[in-house]
Amino acid sequence: RRVHGDKQIAVHSPNFNPRTAPKLNKKNEMTGQETQSKSRRVITLAELKKHNTEKDCWMAIHGVVYDITEFLPDHPGGPEVCVTASGRDASDEFEEIGHSGSSRRMAEKYEVGVLEGWEHKATGCVLPEKQKEKSEGGAGGMGFVPILVVALIAVAAYVFLSSPK
């Protein structure tokens, strides 16, 4: 911003995109995830291992550490599933279940930090765009295979039934 008299004028680079720009509140402070991602607390594996009970339940998923203690009673699979995977990296277990997009977004409010060593590559529960497309049947998904199989069976049946006997 530049000051011109008593007015502030916004000056943008040629690559400025208002839809992807960080949101500012009235005090020109960034709001939401923009501030969280810049100042994440780094949590060591030793610290994570201490939080492995039903009364204090933390887990790391793709490098992001979540304190899900208050969510345990509401977890659809029951608290035992989470407690078993607590105090460590539970990425594999989390992905094996096939959590929905809404449950992945819900996890964001339980974030407490980033696992040491993951500071620049942690993605947490939210899928990167390329993985999201595959899981939702987008480009590269398996949604086309059943249609192809049915079409091939139909062609084979037509050829077999229409051939002279």
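Trainee: Why is Val 145 called partly exposed?

Mentor: In this predicted model, Val 145 has a relative accessible area of 38%. Buried means under 20% and exposed means over 50%, so with 38% Val 145 falls in between and is partly exposed.

Trainee: What makes Val 145 part of a nonpolar surface patch?

Mentor: Patch residues need over 30% relative accessible area, and Val 145 has 38%. Val 145 forms the patch together with Val 149 and Ile 153, and the patch covers about 250 Å². Val 145 also lies in helix α7, which spans residues 145-162.

Trainee: How do you know that strands β3 and β7 pair?

Mentor: Pairing takes at least two bridges, and 2 bridges join β3 (residues 42-43) to β7 (residues 111-115), so the two strands count as paired. They run parallel, and Val 42 stands opposite Val 114 in β7.

Trainee: Stepping back, how many helices and strands does the protein have?

Mentor: There are 7 helices and 7 strands, and from the N terminus on they run β-β-α-β-α-β-β-β-α-α-α-β-α-α.

Trainee: What share of the residues is buried?

Mentor: Of the 165 residues, 22% are buried. The protein exposes about 12,300 Å², with 58% of that supplied by carbon and sulfur atoms.

Conventions: Residues are numbered from 1 along each chain as its sequence is written. This is a predicted model: local features need pLDDT of at least 70, side-chain atom pairs count only at pLDDT 80 or more; totals for chains, interfaces and linings use all residues. Side-chain values use heavy atoms; hydrogens and water are left out. Patches are made of residues with over 30% relative accessible area and no salt bridge: like charges are joined within 9 Å, nonpolar side chains (Val, Leu, Ile, Met, Phe, Trp, Tyr) within 5 Å. Accessible areas come from the Shrake-Rupley method with a 1.4 Å probe; for residues, only the protein chains shown count as cover. A salt bridge is a side-chain nitrogen of Lys or Arg within 4 Å of a carboxyl oxygen of Asp or Glu. Helices (H or I, at least four residues) and strands (E, at least two) are DSSP runs, numbered from the N terminus. Buried means under 20% relative accessible area, exposed over 50%, partly exposed in between (1.4 Å probe, protein chains only).
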